[in-house]
Amino acid sequence: MTAWLRAHPQDTVATALCDLAPGAQVADIVTWEPIAAGHKVALVAHTPGDPVIKLGHPIGRAGAAIPAGVHVHTHNLA
């Protein structure tokens, strides 16, 4: 079973389907920090202001630099 879900080819984040530990492989990236099930992990690097895409649609903009492999949540999403 896959531990994450990328629902649309344009998505810039994936959803963790189970708790992910630092060093977990998600697509072609490695997680930097723990990511709880149901939370998002960046699949690409985002600079402040970049759209964050989930399910093929923007869900917000990066409020800070978000490297690939980092947890995406309210602390870095505007």
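Tutor: Let's begin with N76, which is in contact with R61, A62, G63, A64, I66, V70 and H71 once its neighbours within four places in sequence are left aside; contact here means heavy atoms within 4.5 Å. Keep in mind that this is a predicted model, in which local features need pLDDT of at least 70, side-chain atom pairs count only at pLDDT 80 or more, and totals for chains, interfaces and linings use all residues. Residues are numbered from 1 along each chain as its sequence is written, and side-chain values use heavy atoms, with hydrogens and water left out.

(Strands are DSSP runs of E with at least two residues and helices are runs of H or I with at least four, numbered from the N terminus.) N76 counts as buried because its relative accessibility is 6%. The cut-offs are under 20% relative accessible area for buried, over 50% for exposed, and partly exposed in between, with a 1.4 Å probe and protein chains only.

Leaving out residues up to four places away in sequence, A62 touches H46, T47, P48, G49, D50, V52 and N76. Look at P48 in that list: A62 and P48 are 14 residues apart along the chain, and their C-alpha atoms are separated by 4.9 Å.

A42 belongs to strand β5, and its relative accessibility of 0% is why A42 counts as buried. For A42 and I53, which are eleven residues apart along the chain, the distance between C-alpha atoms is 9.7 Å.

E33 lies in the loop that runs between β4 (29-30) and β5 (40-42). With a relative accessible area of 26%, E33 is partly exposed. P22 and E33 are eleven residues apart in sequence, yet 4.4 Å apart in space from C-alpha to C-alpha.

Next, visit T15 in strand β2, residues 13-16. T15 is buried, with a relative accessibility of 15%. Setting aside neighbours within four places in sequence, T15 is in contact with A3, W4, L5, G38, H39, K40 and K54.

Most residues other than glycine have a negative phi. A27, however, has a positive phi of about 55° although it is not a glycine. A27 is in the loop between β3 (25-26) and β4, and a relative accessible area of 29% makes A27 partly exposed. L55, another residue other than glycine, has a positive phi near 60°. L55 is placed in the loop between β6 (51-54) and β7 (57-61), and L55 is exposed, at 54% relative accessible area.

Now step back to the whole. How many helices and strands does the protein have? There are zero helices and eight strands, giving the pattern β-β-β-β-β-β-β-β along the sequence. The radius of gyration is 11 Å, close to the 12 Å that the globule rule gives for 78 residues, so the protein is as compact as a globular protein of that length. (The radius is taken over C-alpha atoms, and the rule is 2.2 Å times the number of residues to the power 0.38.) Along the principal axes, the C-alpha atoms fill a box of roughly 30 × 25 × 20 Å. Of the 78 residues, 36% count as buried, N76 among them. Finally, of the contacts with a separation of 6 or more, 40% come from residues 24 or more positions apart.
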